[in-house]
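Hi everyone, thanks for making time this morning. I'd like to walk you through one model, starting with its pockets and ending with a few spots in the backbone.

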Amino acid sequence: MPSGLITIAQARELVLQSTRPLAPPELIEVDHALDRVLAQDVAAAGDVPPFPCSAMDGYAVTAGPAGRVLTVFGESRAGAPSERPVENGQATRISTGAAIPPGASAVIPQENVEVRDGTITTTAPVREGEHVRHAGEDIPAGTTVLAAGSRLRAAELGAAVASGLGRVLVARRPRVQVLCTGDELRPPGEPLGPGEIHNSNALMLVALAARCGAVAPAAGRLPDDRAATVEALAAALDHADVTIVSGGVSVGPHDHVKPALAQLQVEEVFWGVSLQPGKPTWFGVRDDRLVFGLPGNPVSAFVTFTLFASHALAALQGTTVAPALEPEAILAMAVHRHNREQAVRVKLERRDGAVVAVPNGPQGSHIITSLLGADALALIPPGSGEMPAGASVALEPLPG
Ligand code: AMP
Ligand code: MG
């Protein structure tokens with residue numbers, strides 16, 4: 001590893017050591033809880049289902065053989081239970097999800113009866129408890145349904161509501177301010193003057209932050225100027241839990257981010273990771289505020305956000321980045337090693353039962369198309385020569 005640089009794992013560890021869950025958590029309505037992270041375990045307020053109910057449209061009956069003739073009394077519908085007890089020789093019409101009336105111990109589906117003049121004749125035997133969903137069969141009251149640290153997606157919200165919750169205690173969303181440095185940057189869609197490029201990192205980093213559960217307003221754009229950089233960083237440090245600066249973090253004469261952060265008493269935790277792309281990544285803290293200085297090349301910015309900032313945003317919300325579905329894969333083709341660890345954008349394919357990582361085209365740090373359709377980052381350990389096709393590589397998930 002080149003001297004003065006730390007590994008990806010060391011850098012991530014330093015980021016996590018500097019990151020505490022944001023306090024205090026917030027009690028919010030479930031209606032607004034999509035993608036939020038639970039701050040405490042959720043226990044079911046009541047049984048799910050709350051009462052014994054029918055799994056079929058049919059008749060609530062007692063158990064018995066085929067060929068019984070039963071008199072039909074009343075109906076138990078979803079939301080309108082029948083109070084009338086069902087006795088031997090009787091049946092009550094029932095729909096799926098409706099409460100089992102007192103006295104009934106099973107449901108016979110309507111396709112297993114012949115209906116005639118207010119009676120049914122059973123054409124199949126009925127076992128005790130058949131087609132009855134028991135109270136608490138899915139979730140007994142008081143049991144833990146969702147653990148602290150769970151991200152509330154559609155399924156979790158459904159389970160929380162079924163469990164009787166109207167409000168949930170969730171982590172506060174981290175406030176992220178993205179700042180893009182560079183005299184050459186133009187807003188989306190504007191015509192380019194000589195030497196200018198479009199500011200792709202602004203939208204990309206804000207989108208990544210949002211995907212990681214942060215509140216991220218539009219990115220600020222900074223000229224390559226010391227005073228302007230200090231001013232914008234000072235404002236960001238005032239309101240943002242995490243400031244993410246793109247570009248200007250190297251050692252060129254127009255790179256003002258490091259000296260500006262030093263002037264603002266942001267303490268450097270590391271600068272320089274043995275990583276390709278993403279070597280000049282900078283990370284520092286001021287009190288509980290985190291600052292990431294990401295290299296300006298769009299792919300470097302995306303990769304370093306993924307490897308470091310996404311983990312900080314998860315930790316601020318009291319959770320961790322969900323691991324890749326596949327922790328490793330087989331390289332589809334040989335990859336030239338680098339003296340730094342490489343984060344290769346790959347597509348994953350299944351071939352003969354094995355998960356294969358196919359490098360997603362040219363891998364230069366300016367090749368933004370290498371991100372399109374990529375499924376993961378494959379980490380190629382540093383070294384010389386080639387990592388051969390068929391070698392096993394670790395995978396890192398991509399945000400969102
Ligand atoms: P820097 O890290 O400032 O030296 O920038 C490295 C490269 O990334 C240069 O080619 C910059 O023009 C490019 N770059 C910097 N910021 C952005 C941005 N926000 N969007 C797209 N490219 C950028
Ligand atoms: Mg620059």
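Let me begin with what I mean by a pocket: on a 1 Å grid over the protein atoms alone, it is an open set of points where a 1.4 Å probe fits, with protein on both sides within 12 Å along at least five of seven lines, and a lining residue has an atom within 4 Å of a point. Grid points are joined across faces, edges and corners, and a volume is the space filled by probe spheres set on the points.

Please keep in mind that this is a predicted model, where local features need pLDDT of at least 70 and side-chain atom pairs count only at pLDDT 80 or more, while totals for chains, interfaces and linings use all residues. Residues are numbered from 1 along each chain as its sequence is written, chains are lettered from A and ligands numbered from 1 in the order in which they are written, and side-chain values use heavy atoms, with hydrogens and water left out.

So, how much space lies in the second largest pocket? About 330 Å³. Its lining has 21 residues, and T181, E184, L185, I197 and G296 lie nearest the centre. Sorted by class, that lining holds five nonpolar, 13 polar and three charged residues. Here Ala, Val, Leu, Ile, Met, Phe, Trp, Tyr, Cys and Pro count as nonpolar, Asp, Glu, Lys and Arg as charged, and the others, Gly among them, as polar.

What takes up the space of this second largest pocket? Ligand 1 does, and the test for that is more than half of its atoms within 2 Å of the grid points. Around ligand 1 there are 15 residues, with E184, N199, G248, G296 and N297 the closest; to count, a residue needs a heavy atom within 4 Å. By class, this shell has four nonpolar, 10 polar and one charged residues.

Now for the polar contacts, meaning pairs of N or O atoms within 3.5 Å. A polar side-chain atom of E184 is 2.5 Å from an oxygen atom of ligand 1. Polar backbone atoms come in too: one of G248 lies 2.9 Å from a ligand 1 oxygen, and one of G296 also lies 2.9 Å from an oxygen of ligand 1. Taken alone, ligand 1 exposes 490 Å², and the protein buries 76% of that, using the Shrake-Rupley method with a 1.4 Å probe.

Which elements supply this shell? β13 (176-181), β15 (197-198) and α3 (200-211) each give at least two residues. Helices (H or I, at least four residues) and strands (E, at least two) are DSSP runs, numbered from the N terminus.

Over to the largest pocket, with about 670 Å³ of space. It has 32 lining residues, and R153, A322, L398, P399 and G400 lie nearest its centre. The biggest contributor is α6, with five residues. By class, we get 15 nonpolar, eight polar and nine charged residues in this lining.

Last, the backbone. The A23 to P24 peptide bond is cis, with omega near -10°, and P24 lies in the loop between α1 (8-17) and β1 (26-29). V48 and P49 are also joined by a cis peptide bond, with omega about -5°.

Note on methods
A polar contact is a pair of N or O atoms within 3.5 Å; within protein, one must be able to donate a hydrogen and the other to accept it, and residues adjacent in sequence count only if both atoms are side-chain atoms.
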